[in-house]
Amino acid sequence: MPESPNDTRRSRSPQEEEGGSTRQGEQKQGGPGGPGQPGGPGGAGGAGGNAPPRAPRPIFFVVTLVIVAFFLFIFSSALSPNAREVSMDEFKNLWQSNSIKAESVVLREDGIYAVEIDPVKGGNERAVTVKSTPGLIKHNAENLDQLKIPFKASAPGLTAVLVQSLVAVLPFVLLLFLLTFLLLRGLRSAGGGAGGMLGNFGKSRHRMLMKEKTGVTFDDVAGIDEAKDEVDEIIQFLKAPKRFMKLGGRVPRGVLLIGDPGCGKTLLAKAIAGEADVPFFSISGSDFVEMFVGVGASRVRDLFKQAKESAPCIIFLDEIDAVGRRRGSGFTSGGHDEREQTLNAILVEMDGFATGDGVIVIAATNRADVLDPALTRPGRFDRQITVPLPDVKGRLEILRVHAKNKKLGPDVNLERIAKVTPMFSGADLFALMNEAAIAATLHNKDFIEQEDLEESRDKVRFGRAKKSRVREAEENKLTAYHEAGHAVLQVLLKDGDPLHKVTILPRGSAGGATFSLPEKDRYGYGLKWLRATMRMACGGRIAEQRAMNDVSSGAVGDIAQVTRLAHVMIKEWGMSDRLGFVRYTGEDTRESYLPDRPYSDATAKLIDDEIKRIVDEAYTDAERILSENWDKVEAVANALLKYETLDASDVHKLMRGETIGKPTVSDLLAAEARRAAAANPASTPQDQQKPDLPPGAMPTPA
C-alpha cells in the first residue's frame, strides 16, 4: 500500500537517528576517569589541565552545631535540676512528717520545688518537685497557704527564658540547617564539585577526545566521498597552518554539516577526531541550556576559553539547532530568552577569533532552514557541507564496511542489496546488516545468507512480518483483493516503480503489503511517475469494494499518501494548469503557531478544487484499468490466499494466465508435520493435531 514517493506501501520515513553512513558508535568515547573526562587525569569537566583540589567539607558548621546543642542541654539541666517528682498529696505527707527542709519551698511557674531530707541515709538532701502547668501557679499558691507551708515565689530569669525558647526552637533550626546543607551540596555536585557551591554551573560540560579515544577513522566512513574530501582539508589546515598562510589563506572558522538524520554527520565528526592529532571538544547544543538564566552563555564562554588555550583544536557542536534557531520570530513568554542569549554568546565568540587562534568549530544539524542567518554567514561558518543520502555506489561501500566483522555466506550479493535499498541512509544500512546477523543467529546458521538480508531489508523499511496472526476468512479475502488491486496496477502502469513482491501477511502496522523495487535513486519526481503512483495507491480500495461489496479502514495509508502527493503537486511543484507556476506553501520554519498562508480565500478554494480534481482523476482511471483486467485481479487474489506471499515473477505468470508450481501453505504445513512425526515417533496422535482455530480462520505457516 503506497505512502511516499519512494515506497509503494504505507511505511515510516526512512530516516533514523544520527548513526552515520558507516559503522556507528561501536566504541564509546573514552570512559569514566579517562583522559579529558570528569574526574580523570586529563582535566576537570572534560577540559585540559589538572583538576583543582576539592573544597573541604563544611565540618566546622557541624562541630559548632554540636557544641551549641551541648551547652543548651547543660543550661537547661541547670535551670531544671534533676528532682524527684511527687504528687501534691505525697508532698503534703512529706511536709507533715518534717521531711521537707524549712524555707526551701519555692513556687515556680512549672511547679513546686523543695529540698527533701532523707532520714534513712543520714540526713542526705535531694530535690523534689510537684510538676504543674504554668496556668496553675495561683492554684498551687492557694494549696500551700491552706497547708500553712511557707514558700518563696520565683519568677524565671532572662537567661532561663532565652534557654527555654532556644530549646523549643532548636529542632526547627536543626531541620532547616540540614535541608540547607543537603541542597547546597547537591548544587555543588551538579556544578562539578569544584570552584565553590554554584561556580561550576557556568562551566562547560564538553568531552575532550584525542586521536586514540574515538575508535573511528576515515576508513570507517563510506558513501560520502565529497564530504570526506572537504573535511580532510580542515585536518590539513590544522596540521600545517603555515603552509596555507604563505599564500594568504586563512584557516576556516566554522564548518556546518547539513543532512538528514542517519546520513553520517556525527560519525564524520568522530572520524575527524580520529584523524586529526589535535584536541577535539565535543558537546551537544542542549548541554548549554540549564534551569538557571545565563548558564548557557557562561558555558559557551568557558568552552571557547579552554579551546583557545588548547589550540590548535576542534570544537564539535552536535544538534546546534537546539540553541541556534532564528531570533525574534514566533511567540515568546515575555521574559528573558535563555536560548537567544546562548546564541548571542556563540556569535560573539566565533566572531572574536584571531587569525592565528587555530580553533575550528564544526556543527551538525538536520534543520539548517531554522538557523539564524547571523550564524550561517561567511566568517562564522565559512563552509556548509551537505551530507546526502548515499547513492548505489555509496550504499555498496557502506555495506562492505558493515560486513567486515560479519560472516557472509557464498550466496550473498551485496551489490544486489545495494540496488534494492534506494533512499536508505547509513543508519538504515547498519540496521539492515545487524538484523540479518540476528536472524541468522536465531536460525542457528553458520553465516548470513542472502535471504536473511532480503528479509531484514523489508523488516527495516516496512516492519516485522506477523506470521503467527490468525484472521477470519472474510478478512483474509478482503486483504487478498486489496493487495491484488495494488499489485496488478503496479505491473500495468509502466511509469511507476516495478513490483517487488506482494503479501497478505501483516507487516508492521499494515494488514498486508505490496512492495515496489525502484530501478534507480530518485532525487526528483516527474509528473508521470506521480500519476502512476497515485493510481496504484487507489487500487486497493477499488478492488476490495468490487470483490466484497464493502470497504474497510485498511486504505487509510493509501488515502493519506494520495492526499499528500496531491497537496505538494498543487501547492509546491506547480503541477496545475489553473494555478500555474506559483508556490502556495509558506516557509516551513516551525517558529510560529499560526500557519503561513500567503494567498486569498478565493485562491484557497481553487487549491482545494484542484486537489480534489487530481485525486478524482486518479481514482477514476484506476477503477477503469482494474475493471478491464478484473480476471487478473481475481487470479492474483486467489493465489495470495493459497501462498500468502508472491514475488514479481509469480504475479507476472498469473497475469499471463500461467500457473505457479510451488507448494501451498497447506503443503508446507503437512511437510512440517511429517518431519515432526519422523523426528518424534513416540508422539501421540493428539500431539499431531492441528491447533484449534476460530470458525472460518485460515492457518499460517508460522
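Trainee: Is Tyr481 buried or exposed?
Mentor: Tyr481 is buried, since its relative accessible area is 7%, and the cut-off for that class is under 20%. Please keep in mind that this is a predicted model.

Trainee: And Trp630, buried or exposed?
Mentor: Trp630 counts as buried, at 11% relative accessibility.

Trainee: How many aromatic pairs are there?
Mentor: The count comes to 5 aromatic pairs. In one of them, the rings of Phe280 and Phe316 have centres 6.1 Å apart and planes at 25°, so this pair is stacked.

Trainee: Where do Phe280 and Phe316 lie?
Mentor: Phe280 belongs to strand S8 (residues 280-284) and Phe316 to strand S9 (residues 313-318), so their pairing ties together parts that are 36 residues apart in sequence. Both Phe280 and Phe316 are buried.

Trainee: What about the rings of Tyr481 and Trp630?
Mentor: Those of Tyr481 and Trp630 have their centres 5.9 Å apart, with planes at 20°, so they too form a stacked pair.

Trainee: Which residues form an aromatic cluster?
Mentor: Tyr525, Trp529 and Trp573 form one aromatic cluster.

Trainee: Which strands does S12 pair with?
Mentor: S12 is joined by 4 bridges to strand S13 (residues 513-516), and the two run antiparallel. S12 also pairs with strand S14 (residues 645-647), over 3 bridges and again in the antiparallel sense.

Trainee: Which residues stand opposite Lys501 and Thr503?
Mentor: Lys501 has Phe515 of S13 opposite, while Thr503 faces Thr645 in S14.

Trainee: Now to Glu610. Where is its place, and is it buried or exposed?
Mentor: Glu610 is found in helix H19 (residues 601-628). Glu610 is buried, with a relative accessible area of 1%.

Trainee: What does Glu610 touch?
Mentor: Leaving aside residues up to four places away in sequence, Glu610 touches Ile570, Ser576, Arg578 and Leu579. As for Arg578, it is 32 residues from Glu610 along the chain, and the C-alpha atoms of the two are separated by 8.0 Å.

Trainee: How many salt bridges does a search of the whole structure find?
Mentor: It finds 23 salt bridges. One of them joins the side chains of Arg383 and Glu233, at 2.7 Å from N to O. Arg383 lies in strand S11 (residues 383-386) and Glu233 in helix H6 (residues 225-239), so the pair ties together parts that are 150 residues apart in sequence.

Trainee: How accessible are Arg383 and Glu233?
Mentor: Arg383 is partly exposed, with a relative accessible area of 22%. Glu233 is also partly exposed, at 37%.

Trainee: What links Arg624 and Asp621?
Mentor: Their side chains meet in a salt bridge, 2.4 Å from N to O. Arg624 and Asp621 both belong to helix H19 and are 3 residues apart, about one turn of the helix. Arg624 counts as partly exposed at 43% relative accessibility, and Asp621 counts as partly exposed at 22%.

Trainee: Which residues are linked in a network of salt bridges?
Mentor: Lys445, Glu449, Glu451 and Asp452 are linked in such a network. Between Lys445 and Glu449, the closest N and O atoms are 3.2 Å apart. Lys445 is partly exposed, with a relative accessible area of 23%, and Glu449 is partly exposed with a value of 23%.

Trainee: Last topic, confidence. What is the mean pLDDT of the chain?
Mentor: The mean pLDDT is 74, and 68% of the residues reach 70 or more.

Trainee: Where does pLDDT stay under 50?
Mentor: Residues 191-199 are one such stretch, and the model has 14 contacts for them beyond four places in sequence. Residues 683-702 also stay under 50, with 33 contacts beyond four places in sequence. Where pLDDT is low, the predicted coordinates should not be read in detail.

Key
Residues are numbered from 1 along each chain as its sequence is written. This is a predicted model: local features need pLDDT of at least 70, side-chain atom pairs count only at pLDDT 80 or more; totals for chains, interfaces and linings use all residues. Side-chain values use heavy atoms; hydrogens and water are left out. Two strands pair if DSSP finds at least two bridges between them. Rings of Phe, Tyr and Trp (its six-membered ring) pair if their centres lie within 6.5 Å; planes under 30 degrees apart count as stacked, over 60 as edge-to-face and the rest as tilted. Buried means under 20% relative accessible area, exposed over 50%, partly exposed in between (1.4 Å probe, protein chains only). Contact means heavy atoms within 4.5 Å. pLDDT is the predictor's confidence in each residue, from 0 to 100. A salt bridge is a side-chain nitrogen of Lys or Arg within 4 Å of a carboxyl oxygen of Asp or Glu.
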